[in-house]
Amino acid sequence: MTFYCSNCWKEIDEQIIICPNCGADQEKLDKESYVEKLIRSLNHPEPSTPVRVAGILAQLKAKDAVPPMLEKLKTEKDPFIIFAIVDALLKIDMNLTQEIQKILGSNPPSIIKNLKGFSE
Ligand SMILES: [Zn+2]
């Protein structure tokens, strides 16, 4: 199993207590569940973090993450984050295509058109 820092979500060694990337103390981080921490990190200010987090949530097929990710799509402007979230949502539940299209409107970022279900 791969271990991630529960603040910045870079891969770290299982034994590491202080993350070499962001300095977060893994033992002090509160006792939220793994998925809850991931969901919180969707709003991390460093843009590569939500992208990474979306990928991990997709791997976990985390259904609990679907409503917060849909919510995030409504306000997100960064096309790479939008792409990562849409990709993750579709990996968790392929039936979300219509709902995602509704949120993104008639003019989704062109990068989204590379995803299955979004090509015209
Ligand atoms: Zn970290």
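Two residues are in contact if their C-beta atoms, placed from the backbone, lie within 7 Å. With that in hand, here are the views.

**View 1. The whole chain and its contacts.** This is a predicted model, in which local features need pLDDT of at least 70 and side-chain atom pairs count only at pLDDT 80 or more, while totals for chains, interfaces and linings use all residues. Residues are numbered from 1 along each chain as its sequence is written. Among the contacts in the protein with a separation of 6 or more, 49% join residues 24 or more positions apart. The C-alpha trace spans about 45 × 25 × 20 Å along its principal axes.

**View 2. A run of helices.** The protein has five helices and zero strands (helices are DSSP runs of H or I with at least four residues, strands are runs of E with at least two, and both are numbered from the N terminus). From the N terminus on, the order is α-α-α-α-α. The radius of gyration is 15 Å, close to the 14 Å of the globule rule for 120 residues, so the protein is as compact as a globular protein of that length. Here the radius is taken over C-alpha atoms, and the rule is 2.2 Å times the number of residues to the power 0.38.

**View 3. Two domains.** Domain 1 covers 1-31 and domain 2 covers 39-114, with bounds that come from an automatic or database domain assignment. Their centres, taken over C-alpha atoms, are 23 Å apart.

**View 4. The largest nonpolar core.** A nonpolar core is a set of buried Ala, Val, Leu, Ile, Met, Phe, Trp, Tyr and Cys residues joined through C-beta atoms within 7 Å. A residue is buried with 20 or more other C-beta atoms within 10 Å of its own, exposed with 12 or fewer, and partly exposed in between. This core holds 21 residues, of which Ala54, Ile85, Ala88 and Leu89 touch the most other members. Helices H1 (34-41), H2 (48-60) and H4 (79-92) each give two or more residues, and H4 gives the most, with eight. Both domain 1 (1-31) and domain 2 (39-114) contribute, so the core lies between them. Leaving out residues up to four places away in sequence, Leu89 touches Val66, Met69, Leu96 and Ile100.

**View 5. Around Leu73.** Leu73 sits in helix H3, residues 66-75, and is partly exposed, with 18 other C-beta atoms within 10 Å. Beyond its neighbours within four places in sequence, Leu73 is in contact with Ile82, Ile85, Ile100, Ile103 and Leu104. Leu73 and Ile85 are twelve residues apart in sequence, with 7.4 Å between their C-alpha atoms.
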